[in-house]
Amino acid sequence: MHPLRVTIIGAGISGLATANRLLELSKEKNIPLELNILEAGQKAGGTLSTIEKEGFLMEEGPDCFITDKPAALNLVKRLDMEWQLMRTNSDLKQSFILKGHKLHPIPEGFYLLAPSRLMPLMTTPLLSLWGKLRAAFEPFIKVRRDPQDESVGAFVKRRLGKEVFESLAQPLIGGVYNADPDDLSLNAAMPRFKEMEIKYGSLLKALATRQLNSQAQVSGARYSLFVTLQKGMQTLTDNLLYRIPSESLWLETRVQSLKQNENKSWAIETQGKSLEATAVVLALQPAKMLPLIGHLDSEWQKLLSGIPAHDSATLNLGFRRKDIGHALDGFGFVVPAKEKKLILGCTFSSQKFFGRAPHDFVLIRVFLGSEALAQLKTQDEAAIVKKVIEELTPILDLKNEPVVHHLAVYNSAMSYFRPGHLSQCSRLEDKASEQKGLYLAGNGLKGVGIPDCVAVGEAAAEKIFKDFGI
């Protein structure tokens, strides 16, 4: 039997999840597989990168994943890593939002865009009296049943008012998607909220009902909403790499051209290496797919260029505990855009998860905004670190410099979904299916989280076996 020849371009979490599922299916079906994974960078794993520095365990990219989307959790179980799962610190129950130089708790029951309880919203100092009254009027706002997509920002302002958007929803959404909510698709990024509006006529009613239902459910294994791995998120990609034959992975191998042959196989050219494959998986950002398949026709160019990606950067800072005056009695804080800071938010990493800092030290992780990223292109790292510490000093009552820091920057690493993204994504999938042997994966399609990336990669692997009748 001839082997199934598959080449995966991109060795981030999507590409590695694709490879792992291909190997699982090959073994289950007893089908020989000739697998190649081409990665332009010096290491595999993409943004899942954990480093140990002077006793601190630092995440350069995502520090956890969500469990109510099952793909990542199921993968962890299949890799026999479930024993390494670690939940967030159960002693902490809150996060904060910055107003001026002071951190205020996010109103209890506020879930990303909307409240499930009215009273905490009525007592928060984050909103004016008018802002509170406007939010309380939400159950009386007319339901919009128009299926046409709208931005997350437009949706929140329509349902709850401009003030709730600017003071609460915008920083929370910005912290998740690193995107402007006024240019972010509701149907792609937050479809549940649109469903809530249509089903219940009110987000307040919907979230209150959801809270009651979740309290009533107590069956099966329970996980916190966010979990990590004891030694960091990179252990997930390390375990995937352990299962992939070493001869299948090609690092520092940038693809220069991708063409389909007359027999419908694919010719892949790199600097110094030529490959032929039955199937090719592009586990890349859409913008990085463009040079490879944009030449196929003008529609590919239009569709792929319509899904932009942002740079992202994290700055890990290790402090002596005595050098931070703030109680750090939460998971961290987010910063509204109207505060005009360099930082988008900050996670108290050693408070959120155990084992991230030595005894009597704390680790915090800062997310840099677009202005800081722009300054990084013209100023050195030390200057930006100094400015970030100056911003943090009055917020966290810093009394001394950090004992260690580590900056990680990822270029065009995070896609964001503009209104109309779902129809755009659907058309991309249709076009890929029209091109025999071509499959798309990565965080530019169905979602930016780890579970989304795992799911789209595994789906590509399963579709390959289905399409080739095996």
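A residue counts as buried under 20% relative accessible area, as exposed over 50%, and as partly exposed in between. In this predicted model, Leu133 has 48% relative accessibility and therefore counts as partly exposed.

**Surface patch**
- Leu133 belongs to helix α4, which covers residues 129-136.
- Together with Leu129 and Trp130, Leu133 forms a nonpolar patch on the surface, and the accessible area of the three comes to about 400 Å².

**A serine in a loop**
- Ser116 sits in the loop that runs between β10 (114-115) and α3 (118-123), and with a relative accessible area of 12% Ser116 is buried.
- The side chain of Ser116 reaches the backbone oxygen of Gly109 at a distance of 2.9 Å.

**Salt bridges**
- The structure holds 29 salt bridges, and one network of salt bridges links Glu138, Arg144, Glu150, Arg158, Arg159, Lys194 and Glu197.
- Arg427 and Glu299 meet through their side chains in a salt bridge (2.8 Å, N to O). This pair links distant parts of the chain, 128 residues apart, with Arg427 in helix α16 (residues 421-434) and Glu299 in helix α12 (residues 298-305).
- Lys463 forms a salt bridge with Asp467, with the closest N and O atoms 3.0 Å apart, and both residues lie in helix α17 (residues 450-467), four residues apart, or about one turn of the helix.
- Glu28 and Arg21 also meet in a side-chain salt bridge (3.6 Å, N to O); Glu28 counts as exposed at 56% relative accessibility, whereas Arg21, at 14%, counts as buried.

Terms used: Residues numbered from 1 in each chain as written. Predicted model: local features only at pLDDT ≥ 70, side-chain atom pairs only at ≥ 80, totals over all residues. Heavy atoms only, no water. Helix = DSSP H or I, 4+ residues; strand = E, 2+ residues; numbered from the N terminus. Buried < 20%, exposed > 50% of the residue type's maximum accessible area, 1.4 Å probe, protein only. Polar contact = N/O pair within 3.5 Å; in protein donor to acceptor, adjacent residues only side chain to side chain. Patch = residues over 30% accessible without salt bridge, like charges linked within 9 Å, V, L, I, M, F, W, Y side chains within 5 Å. Areas by Shrake-Rupley, 256 points an atom, 1.4 Å probe, with all protein chains shown as cover. Salt bridge = Lys/Arg side-chain N within 4 Å of Asp/Glu carboxyl O.
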